Amino acid sequence: MSLPDDLILDAADEVAIRQNLTLVALGKHPADRVIEVGRLLAVHANHWLHDQEIAISGRRIAYVGPIGSYRGTVRERICHRGLSAVPGFGEVHKHIESTHLTPEFEAALVLPRGNTWTCEASHEFANVNGAKNTEFWQKARRAGSPLKVFVQPGSAVPPSAWEESGGWYGYDEQKRFLAGDLSVTGLDEVMDWPSVSDPANPGYQRMWGMIRATFEMRGVVEGHGSGLTDPHDISAFVAAGLSSDHEVWALDEAWDRLMRGIFTEIRPFSFDAILPGLIERGLRDWSNVAFTTDDRSASETLRLGASDHNVRHAVGHGLAPEIAIQCATINPARHMRIDAWVGSITPGRYADIVLLGDVPSIDIAHVYADGQLVSNARTYVGPVPAIDWPDWATRTMNVGRRLDAEDFEIAAEPGRKTMQAAVLRPFHWNEDFLVEELSVVDGAVQRDAGITKWALVDRYRGDGAVAKMFWTGCGPEDPDTALACSVAHDSHNVWVIGSSDAAMAAAVNRLQEIDGGWVLVHRGAVAGEVRYEVAGLMTARPAEALDAEMQEFYRAAEKVTWMYKPSALNLWKPGFPEFLIFATLTCSPWRWVLVAPSKLAPEGFVNVQTGETHKVVW
């Protein structure tokens, strides 16, 4: 019997696959292999089963029972009786783009660390090329990658009504995504709260159109509740149908969300603030909790781990290993309504099995994905399909022209010797921007001590539009030095910060030549670069190769004198300001921000909570 290929979920194929699994489970069709294990965690009941065998047909599990109980014929038996089997770990909310690896190399990085499936929170690539988003995420899987990627089309495409990008999603687009593919789970994090809560917001109709389409197609609407602490705001958040929140930083925030029925996705950097407190308060039912990576680079993953780190870290903060494993398997799978395929070692699911030598330390001996061995300890032995990424994925730096120093000048009013200037600093969440008086030379407003210049360059329209303003507390102090990057959450236009306009232009021009990534110009010369040739966000190389290039880049950046002004939240540290990739966010709790020039914000300086615009100098 020839069965359909189930690399990509298809409703018609799914019926044929399950018809065959039914007959394999009954012993009427042979199983491809049986894996014998010493213990198996039945995550639905949080119970260990001893001496179990797992019968596999194709990529799926057909039967689970005591060793020797399967009554059908088996082509191959594999013995791991000294190990404990737990389901493949899943990511309830992750931006694979933040690993900066294309999906086939992401798979090689995370599968040995237990991560066999990911819900891709897809508003990063979608803002670069929205029309090709689903095709992009399925390309590696169709080519044979063992990593399952469940796509969540981005609500933040574009992130706010004051931004423009390479994608635009509304009701029609969202309904089409969900209608055409079982691997599309719902709507990625709704993070533009003003467009949900304020009918006068210009993004209101688009956002509610996407929410409506998701409801109609029985999908999951994911939330993003950063800064929402007032009980009325939280109640409104739930009332809007936003089912989850991963922007949880403190114990009381997590508790309030759980009490209001919000599926609470906790990131590892908040474990110390949240997990011991939930345990102390006697949380009995952890089924509404999951762990999420959200954003983690390849270098960090090589150092810390992937989903295995999240589980291990939770155990280290007092959570029972079995509950921690549930928070990375069945809990997120149920929430995303994909537990028919992933999240447990049970019939009908993909044969994704993590074999542990020691459970509390999450000591991974082997990983199986799609029923095949893909890793021995940290060594990946699965396939890495060769993908020739097309131009629509690699030729995305459409600035349209070479820039020069004049593009970054901020003109003064005629005859003025000084000008008032709006000034921001990274993660400036204050109600108002700062104001500084800056000198004017040859008709242009100048930087001052502790003041640098920051700019956003549109990379989609091809008109080379630049928005620029002054910033404090970060950036290079050395003369003729600039840092440019094409990772600028969430629109992913180009940002550049520099001590001279000429250096800023040189950095952006070189960034165009390498199709995106990082460029450092130091004292007038290119001193370092990292290439993200796919969408300006990722590279089609192994994690180790990218990490080696990043370390070389860091060494070049160490030769630069960087401004540093600590914030109350201590979100960035002295030295190379890598965290500026998040300083372009326009969601809550951001207020005054700089965006690339757009129809609603021609100069780019806008309060995204109120829609008010302002001049950068006056």
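Two strands pair if DSSP finds at least two bridges between them. Keep that rule in mind for this tour of a predicted model.

**Stop 1: a hairpin at the sheet's edge**

Select strand β18 (residues 434–441) and strand β19 (residues 444–445). Two bridges join them, so they meet the cut-off of at least two and count as a pair. They run antiparallel. Now pick out Val440: it stands opposite Val445 in β19. Two residues lie between the strands of this hairpin. Click on Asp442 in the turn; its phi is positive, about 50°.

**Stop 2: the next strand over**

Find Gln420, then look across to Glu437 in β18, which stands opposite.

Strands of a sheet pair through backbone hydrogen bonds, either parallel or antiparallel.

**Stop 3: the whole sheet**

Which strands make up the open sheet, and in what order? Nine strands form it, in the order β19-β18-β17-β21-β20-β23-β22-β24-β25. Their pairing is mixed. Go to the edges: β19 and β25 (525–531) each have a single partner strand, so one side of each is left without a neighbour in the sheet.

**Stop 4**

Select strand β24 (residues 517–522) together with β25. Six bridges pair them in the antiparallel sense. Highlight Val521 and its bridge partner, Val526 in β25.

**Stop 5: helices on the sheet**

Show helix α16 (residues 501–513). This helix lies across β20 (451–457), β22 (482–485), β23 (494–498), β24 and β25. Against β24, α16 runs at about 145°. Next, show α17, which packs on the sheet and touches β22, β24 and β25. The direction of α17 makes about 155° with that of β25.

**Stop 6**

In soluble globular proteins, nonpolar side chains tend to be buried together. Select Trp495 and Trp518. Of the 143 residues in the largest nonpolar core, these two touch the most other members. Helix α17 (residues 543–557) gives this core its largest share, six residues. A second, separate core has 20 residues, among them Leu403, Val494, Ala507 and Val508.

**Stop 7: helix α10**

Finish at helix α10 (residues 271–280). Which of its residues are buried? Phe271, Ile274, Leu275, Gly277 and Leu278 are. Their cover includes α9 (251–259), β11 (263–266), β12 (289–291) and α12 (307–316). After α10 comes Gly282, with a positive phi near 80°.

Notes: Residues are numbered from 1 along each chain as its sequence is written. This is a predicted model: local features need pLDDT of at least 70, side-chain atom pairs count only at pLDDT 80 or more; totals for chains, interfaces and linings use all residues. Side-chain values use heavy atoms; hydrogens and water are left out. A nonpolar core is a set of buried Ala, Val, Leu, Ile, Met, Phe, Trp, Tyr and Cys residues joined through side-chain atoms within 4.5 Å. Buried means under 20% relative accessible area, exposed over 50%, partly exposed in between (1.4 Å probe, protein chains only). Helices (H or I, at least four residues) and strands (E, at least two) are DSSP runs, numbered from the N terminus. Contact means heavy atoms within 4.5 Å. Axes are lines fitted to C-alpha atoms, for helices over the stretch in contact, and angles run from 0 to 180 degrees between N-to-C directions.
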